[in-house]
Amino acid sequence: MSAMNNALAWAHPLVRDWFVEQFGDPTEPQEQGWPHIVEGRDVLISAPTGSGKTLAAFLACIDRLVRQGIDGALPGHVAVLYVSPLKALGNDIHKNLEIPLRGILDLAAKRGLALPEIRTAVRSGDTLAPERRAMLKNPPQILVTTPESLYILLTAEKSRTILQNVETLIVDEIHAVADDKRGAHLALSLERLDALVRAANPDRPAPVRIGLSATQKPIEEVARFLAGAERPVPEVVDVGHRRTMDLAVEVPAGELGPVATEEMWGDIYSRIVELALEHRSTLVFVNTRRLVERLAHHLAERMGEEAVAAHHGSLSRKLRLEAEKRLKSGEARVMVATASLELGIDIGMVDLVCQISSPRSIGVALQRIGRAGHWRGAVPKGRLFAMTR
């Protein structure tokens, strides 16, 4: 048996053949993470951005649902709950889930196997009221949500009902919430979810917890956070966070001072345009929403309105989704954003990341630059713009 077949020996032929056709060999976090997930053990997978962590978590869950569907026993409740710290990330994961699910469904049809549709849904602050009602009436098997929306789902009787049979919980970008108030709030929700499932299913174990982390040290602290109050510390799959990167510092022509001058800003705008025209798509990170608007305005003057998009938390859901769509389609050459696009959202084939001023921490810098080359074998490319001394 080949190494590939060994790594996917647990998978249904439909799932295995789809994966092999799409990706060939599994990545290191997938190969090391799958045995723990398949055995139903809690696990924390720590690996660089773009290494396939999310599919490592989801594929075993999809495999179980595929087997249940073929046997005519697909559950009518939420079996897999995915918690993401960003609304934008949740929407994107939902879209990326449709690719494997649709691919496996098409493969089943070609082979004459009756496989019912595995439903997915997103529940966040952006979810419209009709979509929320439809979700309660016809629950998806896979639900994507945020920490805040999970809290709300656990407080209402109807939404609690669709969560009482959850089998697997996936917490993505767990390092982004582990050390702040959102993390404390999420930890309480995870314990409430366990209590809900145990009360509804006294003879069944609590949901398996899978944590995904890109950049965090010490990883043992994140593992303890994932374990919560009563569980043993989960298995840790740590393939390291070192990754080859193409990095350089950009400095304006004039002498740096305590505040950037208008002349320096002009140099910066021109240099970003120059870099953007050398690449297919560029993501520019700044530290404030006001600066997003300013930078997008000046770049649009130089490149044209259609070539530049803006993204930050104060924009409406419609405008944010439209900006993401324009970047993915290649219509926009440059996206200017705050931390709203910092985490693991797959925003298309971004070739270059520019960081204006200090990102304030090395972890944030690595996370943002990792948005470039967010596919297997690619080298992230980042340019850091020094604005002051």
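**Exercises on a predicted model**

Leaving out neighbours within four places in sequence, Thr 168 touches Cys 61, Arg 64, Ala 79, Val 80, Leu 81, Pro 207, Val 208 and Ile 210, where contact means heavy atoms within 4.5 Å. This is a predicted model, in which local features need pLDDT of at least 70 and side-chain atom pairs count only at pLDDT 80 or more, while totals for chains, interfaces and linings use all residues. Residues are numbered from 1 along each chain as its sequence is written, and side-chain values use heavy atoms, with hydrogens and water left out.

**Exercise 1.** Decide whether Thr 168 is buried or exposed.

*Solution.* Begin with its place, which is strand S5, residues 168–171 (strands are DSSP runs of E, at least two residues, and helices runs of H or I, at least four, numbered from the N terminus). Then take its relative accessibility of 3%, by which Thr 168 counts as buried (under 20% relative accessible area; exposed is over 50%, partly exposed in between, with a 1.4 Å probe and protein chains only).

**Exercise 2.** Work out which parts of the chain the aromatic pair of Trp 10 and Trp 34 ties together.

*Solution.* Rings of Phe, Tyr and Trp (its six-membered ring) pair if their centres lie within 6.5 Å, and planes under 30 degrees apart count as stacked, over 60 as edge-to-face and the rest as tilted. Trp 10 and Trp 34 are edge-to-face, at 5.4 Å centre to centre with 65° between the planes. Trp 10 lies in the loop between helix H1 (3–7) and helix H2 (13–23), and Trp 34 in helix H3 (residues 28–38), so the pair ties together parts 24 residues apart in sequence.
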